[in-house]
Amino acid sequence: QVQLVESGGGLVQAGGSLRLSCAASGNIFRINDMGWYRQAPGNQRELVASITSVGSTNYADSVEGRFTISRDNAKNTVYLQMNNLKPEDTADYYCNAQITRTRWGAQGEYWGQGTQVTVSS
């Protein structure tokens with residue numbers, strides 16, 4: 001029983017900022033890698049940013065320097081701070097987590113329900 005609940009999406013003007021949050025709950029022993037993906041109409045789902053359990057990050061070239069991924073392990077939450085938003089950032093954003101559910105190593109991959117981000121020009 002693991003759920004990822006996203007929040008923070010919405011409508012913003014170009015150049016503005018949004019912060020997405022994704023909180024994991026349920027049977028969680030440890031959260032390993034976490035990431036944010038996005039999918040726009042007609043496009044494939046793409047990785048936006050990822051972060052390991054110890055804080056190592058990776059970003060898509062299109063968002064490098066504008067987006068920042070972070071996590072609060074005590075709250076089982078991952079964030080995506082999005083600055084200088086562009087219309088091409090418009091998409092549904094999904095969080096993803098690799099979760100160890102038990103001390104003996106049971107693992108699973110989980111997805112959030114998605115949150116819409118719309119950037120107007």
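This is a predicted model: local features need pLDDT of at least 70, side-chain atom pairs count only at pLDDT 80 or more; totals for chains, interfaces and linings use all residues.

Trainee: Which strand does β7 pair with, and in what sense?

Mentor: β7 pairs with β8 in the antiparallel sense, over 6 bridges. The two strands form a hairpin with 4 residues between them. In the turn, asparagine 76 has a positive phi of about 50°.

Trainee: What stands opposite isoleucine 69?

Mentor: Leucine 80, in β8, stands opposite isoleucine 69.

Trainee: And what does leucine 80 touch, leaving out residues up to four places away in sequence?

Mentor: Its contacts include Ile69, Phe67 and Thr68. Among the others are Leu18, Leu20, Trp36, Val48 and Tyr93.

Trainee: Moving to the core: which residues touch the most other members of the largest nonpolar core?

Mentor: Those are Trp36, Leu80, Met82 and Tyr93, in a core of 31 residues. The elements giving two or more residues to this core are β1 (2-7), β3, β4 (30-39), β5 (46-51), β7 (67-72), β8 (77-82), β9 and β11 (115-120).

Trainee: Which strand gives the largest share?

Mentor: β9 does, with 5 residues. As general background, nonpolar side chains in soluble globular proteins tend to be buried together.

Trainee: Changing topic, how many disulfides are there?

Mentor: The count comes to 1 disulfide. It joins cysteine 22 to cysteine 95, with an S to S distance of 1.9 Å. The link of cysteine 22 and cysteine 95 is right-handed, with 45° about the S-S bond.

Trainee: Which parts does that pair tie together?

Mentor: Cysteine 22 lies in strand β3 (residues 18-26) and cysteine 95 in strand β9 (residues 91-100), so the pair ties together parts that are 73 residues apart in sequence.

Trainee: Are those two cysteines buried or exposed?

Mentor: Cysteine 22 and cysteine 95 are both buried.

Trainee: One more residue: where is threonine 115, and why does it count as buried?

Mentor: Threonine 115 is in strand β11. It counts as buried because its relative accessibility is 11%, and the cut-off for buried is under 20%.

Trainee: What is threonine 115 in contact with, apart from neighbours within four places in sequence?

Mentor: Threonine 115 is in contact with Glu6, Gly9, Leu20, Ala91, Asp92 and Tyr93.

Technical notes: Residues are numbered from 1 along each chain as its sequence is written. Side-chain values use heavy atoms; hydrogens and water are left out. A disulfide is a pair of cysteine sulfur atoms within 2.5 Å. Buried means under 20% relative accessible area, exposed over 50%, partly exposed in between (1.4 Å probe, protein chains only). A nonpolar core is a set of buried Ala, Val, Leu, Ile, Met, Phe, Trp, Tyr and Cys residues joined through side-chain atoms within 4.5 Å. Contact means heavy atoms within 4.5 Å. Two strands pair if DSSP finds at least two bridges between them.
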